[in-house]
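Please read it with the sequence and the coordinates at hand.

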Amino acid sequence: MLSFFRVLHFAFQDIVRNISLSFMTVIILVLMLLSINTLVVVRAVTEHVVSQVKEQIDVSVYFAHDIKQEQMEEIKKYISAFPEVVKTTFLDKEAVLAEFKETHKDNNNILNSLNELEENPLGATLIIQTREPRDYEKIITALSIPEYKDIIESKTFADTQKAIERISLITAQIEKAVLILSALFAIISFFVIFNTIRVAIYTQRMEIGIKKLVGATDWFVRGPYIIESIIFSGISMVIAGAIVYAVLQFLDPYLGIILYSEGFLTKYFQNNILLIVGIEFGVVLLLTIITSGLAMRKYLRI
Amino acid sequence: MITLSQISKQYTKKSVGLDNISLHVDSGEFVCIVGQSGTGKTTLVKLLIAEERPTKGKLEIGGWDISRISYRDVPLLRRQIGVIFQDYKLLEKKTVTENVSFALQVAGTPHKRIKNVVPRVLDIVGLSDKKYAYPYQLSGGQKQRVAIARSLVHRPKILVADEPTGNLDAINAHEIIEILKKINDFGTTILLVTHDKDIVNRLRKRVITLHNGQIVVDKKQGTYQL
């Protein structure tokens, strides 16, 4: 316990007495954390936009005019059983007619023609949403079996297939690009932190050797650097967190307009705060401890 | 106290540090180890503090065979031997008091005892008025005294001094040797590695002369003969 308190004391002493080095280390860590958080923002916005685009896509299945309620229920049940299907909305004949009238409320010709008919000419509709745009093809194929040939009058997929394929391709490309960018940032962050810590340890190599020569154990020499790593990681997290928060406050009103979501980024960070802080702190801390351990190993061999 | 039996240290095929040397140093002796550069003086010091391991032979300190000492036991050995170096090896970011205290702190000495012992040791080396100074604020002689204080603070039985006067002027060198003599008078075994002819001749102590990694002269009251 005595050793631990001494190690703690030396860590704080080192930070204060090597203040410029401590300052530089924290600055580098803050910059890296800001870069990582920028990426988190880019990912969040991209995911949101992509999911919004995906939500706009659906496939409507128009049932024949004279089919029974049980047949429609059966198709709904059959489609809902697919894991790719996230939502099905059933609109009965009346709802379809009401929606049709609402859509064409400014077109008297259509409304008059509709009134001429004695009964509702429109069939019920099933609106299907899948997890990914590419899943629609599977659903449509599933619905194109002979048993449903007379029940299903038409599907909108054929009209929108090309658009869906294009959106599917674009969103997949965006997701891939963000993933590559994340990996690139992670590699750059790793090397920047690795070299910062290596330089910091290199400047103290003489001290490390001297400590060993007067009888310090490896733990006694390493200890303060581990504590310093924890302190540096903590301080840089707080500073980066404050900057990110301020930037979010600035960005959110603008993004809210574009994304149709008020306070989107602030909410995103609030909802994922533990995950983001936990991962970032853990990664920075692990990286600094492992790097300092590796960099120091050579100088401890005295 | 110190026994070397057929010790050899070979760095590479062509680079030999020590070549089959045997010697014994009694408790309380003052021994000068002399020789030209590259004759194995520093290798000997490195073997004594386990900075290097011998290639062959047996090295005992106080009955403890350190020729095959485990990595874990090295700090324990170093806490029992005082070492001073030509370049002082002080911690630049620590004050005089902190430098001296450090040798006790690594050994887990209680704070109360450190507070009690360190000022006394600083007093012995004449640095009581410099206890809050940093190494860069001290002269070469003062730095070496701090190093001596640090090496003495845990009351070692052996003090190894590797060219302690190498960077000092004649007056400071003389003062350092006087301190070493005083320490020796209290019973500490001193191994002084030097190539300062005047110091060796004035001391009139045991002199071991190394040449090409071998002991060529070992005289009880020797002089510098190179």
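**Notes on the two chains**

1. B:Glu163 is buried, with a relative accessible area of 9%; the limit for that class is under 20%. The model is a predicted one. B:Glu163 sits in the loop of chain B that runs between β7 and α6 (170-185). Its phi is near 50°, a positive value in a residue other than glycine. Most residues other than glycine have a negative phi.

2. B:Arg155 belongs to the loop between α5 (140-152) and β7 (158-162) of chain B. Is B:Arg155 buried or exposed? The relative accessible area of B:Arg155 is 61%, and B:Arg155 is exposed because the cut-off for that class is over 50%.

3. The secondary structure of chain B consists of seven helices and 10 strands. Its radius of gyration is 17 Å, close to the 17 Å that the globule rule gives for 226 residues, so chain B is as compact as a globular protein of that length. Along the principal axes, the C-alpha trace of chain B spans about 45 × 40 × 30 Å.

4. Of the 226 residues in chain B, 52% count as buried. Among contacts in chain B with a separation of 6 or more, 66% are made by residues 24 or more positions apart. The accessible surface of chain B is about 10,400 Å², and 48% of this belongs to carbon and sulfur atoms. Chain B carries 35 positive and 22 negative charges, whose mean positions are 4 Å apart.

5. How is chain B divided into domains? The assignment gives domain 1 (1-80 + 159-169 + 179-226) and domain 2 (88-155). The centres of domain 1 of chain B and domain 2 of chain B, taken over C-alpha atoms, are separated by 24 Å. At the contact between them, 10 residues of domain 1 of chain B meet 13 residues of domain 2 of chain B.

6. B:Trp64 lies in strand β5 (residues 64-65) of chain B. With a relative accessible area of 26%, B:Trp64 is partly exposed. Beyond its neighbours within four places in sequence, B:Trp64 is in contact with B:Leu59, B:Ile69, B:Asp73, B:Leu76, B:Leu77 and B:Gln80. The C-alpha atoms of B:Trp64 and B:Pro110 are separated by 26 Å, and these two residues are 46 residues apart along the chain.

7. B:Lys197 is found in helix α7 (residues 197-203) of chain B. B:Lys197 is partly exposed, with a relative accessible area of 46%. Between the C-alpha atoms of B:Lys197 and B:Leu91 the separation is 30 Å, and 106 residues set them apart along the chain.

8. Chain A has 11 helices and four strands. What radius of gyration does chain A have, and what would a compact globule of 302 residues have? Chain A has 31 Å, whereas a compact globule of 302 residues would be near 19 Å. Taken along the principal axes, the C-alpha atoms of chain A fill a box of roughly 105 × 40 × 35 Å.

9. The domain assignment of chain A gives domain 1 (2-53 + 168-300) and domain 2 (58-159). Over C-alpha atoms, the centres of domain 1 of chain A and domain 2 of chain A are separated by 52 Å.

10. In chain A, 42% of the 302 residues count as buried. Of the contacts in chain A between residues at least 6 apart in sequence, 83% join residues at least 24 apart. Chain A exposes about 17,300 Å², with carbon and sulfur atoms supplying 64% of that area. The 28 positive and 32 negative side chains of chain A form two sets whose centres lie 19 Å apart.

11. A:Ser229 has its place in helix α9 (residues 218-259) of chain A. The relative accessible area of A:Ser229 is 5% and the residue is buried. Which residues is A:Ser229 in contact with, leaving aside its neighbours within four places in sequence? They are A:Leu285, A:Thr288, A:Ile289 and A:Ser292.

Conventions
Residues numbered from 1 in each chain as written. Chains lettered and ligands numbered in written order. Predicted model: local features only at pLDDT ≥ 70, side-chain atom pairs only at ≥ 80, totals over all residues. Heavy atoms only, no water. Helix = DSSP H or I, 4+ residues; strand = E, 2+ residues; numbered from the N terminus. Rg over C-alpha atoms; globule rule 2.2 N^0.38 Å. Buried < 20%, exposed > 50% of the residue type's maximum accessible area, 1.4 Å probe, protein only. Contact = heavy atoms within 4.5 Å. Areas by Shrake-Rupley, 256 points an atom, 1.4 Å probe, with all protein chains shown as cover. Lys, Arg positive; Asp, Glu negative; His and termini not counted. Charge placed at Lys NZ, Arg CZ, Asp CG, Glu CD. Domains from an automatic or database assignment.
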